[in-house]
Amino acid sequence: MHRASLRSALPFLLLILAGAAAAQNTIPQRVDSLLRLMTLEEKIGQLNQYTDNGVATGPVTPDNEKERQVMQGKVGSILNVLGMERTRAWQAIAMRSRLRIPLLFGQDVVHGYKTTFPIPLAESCSWDLEAIERAARVAAVEASAGGVHWTFAPMVDIGRDPRWGRVMEGAGEDTYLGSLIAAARVRGFQGRGLGSTDAVMACVKHYAAYGAAVGGRDYNSVDMSERMLWETYLPPFKAAIDAGAGTVMTSFNDLNGVPATGNAYLLRDILKGRWNFGGFVVSDWGSVGEMINHGSVKDAADAARSALLAGTDMDMESRCYTGTLARLVADGAVPAAAVDDAVRRVLTKKFELGLFDDPFRFCDPAREERALNDPAHADAARDMARKSIVLLKNDRGILPLAKGLKTVAFIGPLVKEVKQNKGFWDVELPGVDSNFIVTQWEGVSAAVSRSTTLLYAKGCDIDGTDRSGFAEAVRIAKKADVVILSIGERRDMSGEAKSRSDLSLPGVQEELAMELLKTGTPVVVLINAGRPLVFNGLAEKASAILYTWWLGSEAGNAVADVLFGDYNPSAKLTMTFPRSVGQIPVYYDHYNTGRPATGDGDRFYRSAYTDLSIHPRYEFGYGLGYSPFTYGGLQLSARTMTAGGSIRATLTVTNAGRYAGEEVVQLYLRDLVGSVVRPVKELRGFRKVRLAPGETKSVTFTIDRESLSFYDRTARRVVEPGEFELMIGASSRDIRLKERFELVP
Ligand code: NOJ
């Protein structure tokens, strides 16, 4: 049809559309009616996503290329549109297109929108599913009020290699905990469901196995057994989808030689087939076109054909679909039905979000104003932040510090930092003060008594070799009752494309710490980072270590809450901390091997290093509090169970200390003999129990078929009769109670 005649047909078409909508009110029917009105070009447009150049600069006008394409119905979605005003402006342009199909606005709301929450890896250390869900909820309320419909989160990649900078975005190394957290985040983002104006559609990413990039180098290849894929890497995706995640993002890597974006096995067979996923799949940024670099396709057309047929519905920024699909359909290389299926999936989500009823329903200035200034959001961020801080060491109970100390020296390059606390994926909103953060200095200043003298020295930079600040730092350390030393990574040292081969503290920070330790003043270290770092010297010599990750807007208050005992730390590591890079990958649920080492004195022809402990520095599930907890009285309801039945394990936990607090009680199982070897232990349950000083509580776990099942050689989920060991621990290594039971046929 000619352009002019198209324009004159518009009112007529809209009439049909409105009529269709009124007469047929189910979403599939509305989608079909619309699909019948669309040209092939318009359909392909729905599968095309552009960025708003990453920054919100200048007004949106129909003069430039992207805007023109939106008016022509050639764009289905835009990412990185920041602020409600700008989403409104873009949507207004989409409303000038022939069929007035609304745009979908996507954004990486990974750990908060205006209110920045701790990085996801930090949050996972809380083992607090409710708090994690609440954090995602707050992010969704703010983002949706800012016009965002869709967040590229949760990231559920299993992280077992801290060289990979993206471990900061996930929930650590464990598939069981990671699956529960994935579902909690989806629930938080999507709230009461797509269509409510305070929900954002979730996008579970990066599908799949991205976390296992060889050598921890970002975007690198993944070569993995089917069994490992099913058992460890896929479950969090399945959990997110079962929780209702509307979309999935493909990953950059190739998996066993086939790029994930063109991987029909992952997308068609597993995701849309076996799991019956009804939402849509978006590529990662440029990953359709990058299949040319992978060497699996020869050009953009070949890439588009491969990706679409494999099941990637929307092309993020590689422009392969928009440039080539029409010809591929005309040539019969891509069936029109495959395009229709992808478009149907995208339009369905737009209908579910209510955008056809009101394309501007997420553009309400009053709601934006309210949501971005709700004081409850800061409270949630503070709660989440203090629950994310892991106490790694506390010699002679130096922590918590008394608020009435005479002199405290607060030293280090991160004490007064604003931006670094925000972590890699913070959202820079136009018109919002990016200094909207409580620094550690502010938090601690507000917590200490009026009679306390708080001294400050920077000591050194995060990076670099400048030691000129050491002398001043040492001088104030000598005058103080205690040194609090805040060191770590810059926020851009962990994140996408931030792989590191050396995981020690950057620059001369550890050297500064050693100088301060020589003064004899006790040194409490705060380590701010996006990944597990290696810091053996400090681990041995510092008086206390708090791993604070990057804590977000309320960093300073949360740190002060923990330092001075207003909050008793309860977090436990969700990633193993290695002793050296040479120990990586290192994770708790490894196999036993034929020659296991029983300890560090047992290395002779054993599966061990000759020059390094077999134990990591800190194990999965490890974390201290200010009160010791004792465990006792483990009882099983039976010694045998059938696959259709269950067993209950009951025990007691007692707070044997002086501080009220929470303990994460962990249940591990080991299947002693299997047709394929089973890990030495696997997390299969946990409870976060709150106990007053002296209080005892009973904790019960139920073990059922699901707890005992695993993927066999052919990736089928099975249970096999035999003996199991049940372990109750305060960490994956600190096992306090054990029992055995048998699964009988
Ligand atoms: C690339 C990242 O891998 C992905 O996680 C993110 O959502 C997109 N860029 C969009 O920013």
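**Helix packing and local features**

Helix α17 (residues 375-388) packs against helix α22 (residues 555-563) at an angle of about 50°, the two axes lying 8 Å apart. The model is predicted. The crossing of α17 past α22 is right-handed. On the α17 side, the contact is formed by R382, A385 and R386. Their partners in α22 are N557, A558, D561 and V562. By class, the contact of α17 with α22 holds 3 nonpolar, 1 polar and 3 charged residues.

Helix α22 also packs against α18. The axes of α18 (residues 440-447) and α22 come within 7 Å and cross at roughly 45°. That angle makes α18 oblique to α22. The crossing of α18 and α22 is right-handed. Here Q440, G443, V444 and A447 of α18 meet G556, N557, V559, A560 and L563 of α22. This contact of α18 with α22 comprises 5 nonpolar and 4 polar residues, with no charged ones. N557 of α22 takes part in the contact with α17 and in the contact with α18.

Helix α9 (residues 226-233) is mostly covered, with 6 of its 8 residues buried. The buried residues are R227, L229, W230, E231, T232 and Y233. They pack against helices α8, α10 (235-242) and α11 (264-274). They also pack against strands β7 (254-255), β21 (682-691) and β23 (710-711).

A209, in the loop between β5 and α9, has a phi of about 70°. A209 has a relative accessible area of 2% and is therefore buried. A715 has a phi of about 60°. A715 lies in the loop between β23 and β24 (717-718). At 5% relative accessibility, A715 counts as buried.

The bond from A153 to P154 is cis, with omega near 5°. P154 sits in the loop between β4 (150-151) and α8. The bond from I584 to P585 is likewise cis, with omega near 0°. P585 belongs to the loop between α22 and β17 (629-636).

A further loop residue, S196, is placed between α8 (175-190) and β5 (203-207). Its relative accessibility is 14%, so S196 counts as buried. The side chain of S196 reaches the backbone oxygen of G193 at 2.6 Å.

Exposed positions were also examined. E369 is part of helix α16 (residues 365-372). E369 counts as exposed because its relative accessibility is 53%, and the cut-off is over 50%. The C-alpha atoms of E369 and L40 are 40 Å apart in space, and the two residues are 329 apart in sequence. T465 occupies the loop between β13 (453-457) and α19 (470-479). With 61% relative accessibility, T465 counts as exposed. T465 and K403 are 62 residues apart along the chain, and their C-alpha atoms are separated by 34 Å.

Notes: Residues are numbered from 1 along each chain as its sequence is written. This is a predicted model: local features need pLDDT of at least 70, side-chain atom pairs count only at pLDDT 80 or more; totals for chains, interfaces and linings use all residues. Side-chain values use heavy atoms; hydrogens and water are left out. Helices (H or I, at least four residues) and strands (E, at least two) are DSSP runs, numbered from the N terminus. Buried means under 20% relative accessible area, exposed over 50%, partly exposed in between (1.4 Å probe, protein chains only). A polar contact is a pair of N or O atoms within 3.5 Å; within protein, one must be able to donate a hydrogen and the other to accept it, and residues adjacent in sequence count only if both atoms are side-chain atoms. Axes are lines fitted to C-alpha atoms, for helices over the stretch in contact, and angles run from 0 to 180 degrees between N-to-C directions. A crossing is left-handed if the near helix is turned anticlockwise from the far one by less than a right angle, and right-handed if clockwise. Contact means heavy atoms within 4.5 Å. Ala, Val, Leu, Ile, Met, Phe, Trp, Tyr, Cys and Pro count as nonpolar, Asp, Glu, Lys and Arg as charged, and the others, Gly among them, as polar. Angles under 35 degrees count as roughly parallel, over 145 as roughly antiparallel, 65 to 115 as roughly perpendicular and the rest as oblique.
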